Amino acid sequence: MDGNGKNQDLSGLKIEDMSSPSADSPESPDLRNPVKAALLAWLFPGLGHLYQRRYFKAFVFGSCVIGLYLTGLWVGRGMVVYWTWVNPLRDSENFRLSFIFQSFVGGFTFPGMVQGLLLYVNKAPILGGWMAAPSQEVVNGLHPKIGKLVEIGTVYTAVAGLLNMLAIMDAFGGPVRYAEPEVAQATETVNPAGAETK
Amino acid sequence: MNPVNWNSYVFLAAIVPAISAVYAATRSEVPGVIVINAIALSLKIFGTLFFVTAILLLINAW
């Protein structure tokens, strides 16, 4: 019985180590307050990891997400990120599906949200109309001028948002881990112990 | 510096390393591992694109 008990304890330790490695392991970061970190990561790409003192990842996420977003905004002449408060079932043409993805970049899209809200309540745009929904004439005139760059800018900014979603999840839950073969070996050690008691 | 005249492959080449770096960063905490995985993933994607483009060119030339 003693041997059985020892084996069960050991196997339990092994499995626990797999799911949550010890704090001093380089693969197990101190997530501090995960909810706060995730919120910060959404507000400003890289800020959540900076809060968790994961400086290298903060640099990687921040530079990649912000770089992609600003590049997209630049090639799209600043007219690819805006929000319109319309019912997608009634006015699908003016509904900005891409903004849902872009909004995961967080603070960078706040002006777009505010301008969309002001437009909805029939108020004049602020900040000189920055990130406000352009008129139909402006949108129609954009394609002959810059062609495919409208789509490329939209894709870049949307991809930046989706990548920041990964960063937010990383700030909340740490790096992705998959079950390793050793887990199966650890569970196998329990069964022979059970056989010993017979 | 007018991106209107740039080839579409330029935009593709710019977005691939960024996606690879973010993906690699979500899989590890060690900076060296992240960098190596990001480079490896970028090369794999570029290799695949090169391979597909080469096949398309061959079909076109045939």
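Q: What counts as a helix or a strand here?
A: Helices are DSSP runs of H or I with at least four residues, and strands are DSSP runs of E with at least two. Keep in mind that the model is predicted.

Q: How many helices and strands does that give chain B?
A: Two helices and zero strands.

Q: What about L43(B): buried, exposed or in between?
A: The count for L43(B) is 14 other C-beta atoms within 10 Å. Exposed needs 12 or fewer and buried needs 20 or more, so L43(B) lands in between, as partly exposed. L43(B) is found in helix α2 of chain B. From L43(B) to S8(B) is 35 residues in sequence and 18 Å in space, C-alpha to C-alpha.

Q: What makes R32(A) and R77(A) stand out in phi?
A: Phi is near 50° for R32(A), a positive value in a residue other than glycine. For R77(A), also a residue other than glycine, phi is near 55°. Most residues other than glycine have a negative phi. R32(A) lies in the loop between α1 (2-19) and α2 of chain A, while R77(A) is in the loop between α4 and α5 of chain A.

Q: How do you know whether those arginines are buried or partly exposed?
A: R32(A) has 13 other C-beta atoms within 10 Å, and R77(A) has 16.

Q: How do you know where the buried residues of α6(A) point?
A: In helix α6 (residues 110-120) of chain A, G112(A), Q115(A) and G116(A) are buried. They cover an arc of only 100° around the axis, so they are on the same side of α6(A). That goes with a general point: an α-helix has 3.6 residues a turn, so residues three or four places apart point the same way. The buried residues of α6(A) pack against α5 of chain A. Just after α6(A), N122(A) takes a positive phi of about 60°.

Q: How does the span of α8(A) stand against the expected value?
A: With 25 residues, α8(A) reaches 36 Å from its first C-alpha to its last, close to the 36 Å expected at 1.5 Å a residue. Just after α8(A), G174(A) takes a positive phi of about 80°.

Q: What makes up the side of chain A that touches chain B?
A: On chain A, 25 residues are in contact with 18 residues of chain B. The elements giving two or more residues to that side are α4 (55-75) and α8 (149-173) of chain A. The largest share, nine residues, comes from α4(A). By type, the residues of that side divide into 18 nonpolar, three polar and four charged.

Q: Which residues touch the most other members of the largest nonpolar core?
A: Of its 45 residues, C64(A), V65(A), L68(A) and V22(B) do. At least two residues each come from α2, α4, α5 (97-102) and α8 of chain A, together with α1 (8-25) and α2 (31-61) of chain B. The largest share of this core, 10 residues, comes from α8(A).

Q: Which residues is C64(A) in contact with, leaving aside its neighbours within four places in sequence?
A: They are L163(A), A18(B), A21(B) and V22(B). To be in contact, C-beta atoms must lie within 7 Å.

Key. Residues are numbered from 1 along each chain as its sequence is written. Chains are lettered from A and ligands numbered from 1 in the order in which they are written. This is a predicted model: local features need pLDDT of at least 70, side-chain atom pairs count only at pLDDT 80 or more; totals for chains, interfaces and linings use all residues. Two residues are in contact if their C-beta atoms, placed from the backbone, lie within 7 Å. Ala, Val, Leu, Ile, Met, Phe, Trp, Tyr, Cys and Pro count as nonpolar, Asp, Glu, Lys and Arg as charged, and the others, Gly among them, as polar. The expected span of a helix is 1.5 Å times one less than its number of residues. A nonpolar core is a set of buried Ala, Val, Leu, Ile, Met, Phe, Trp, Tyr and Cys residues joined through C-beta atoms within 7 Å. The arc is that of the directions from the helix axis to the C-beta atoms.
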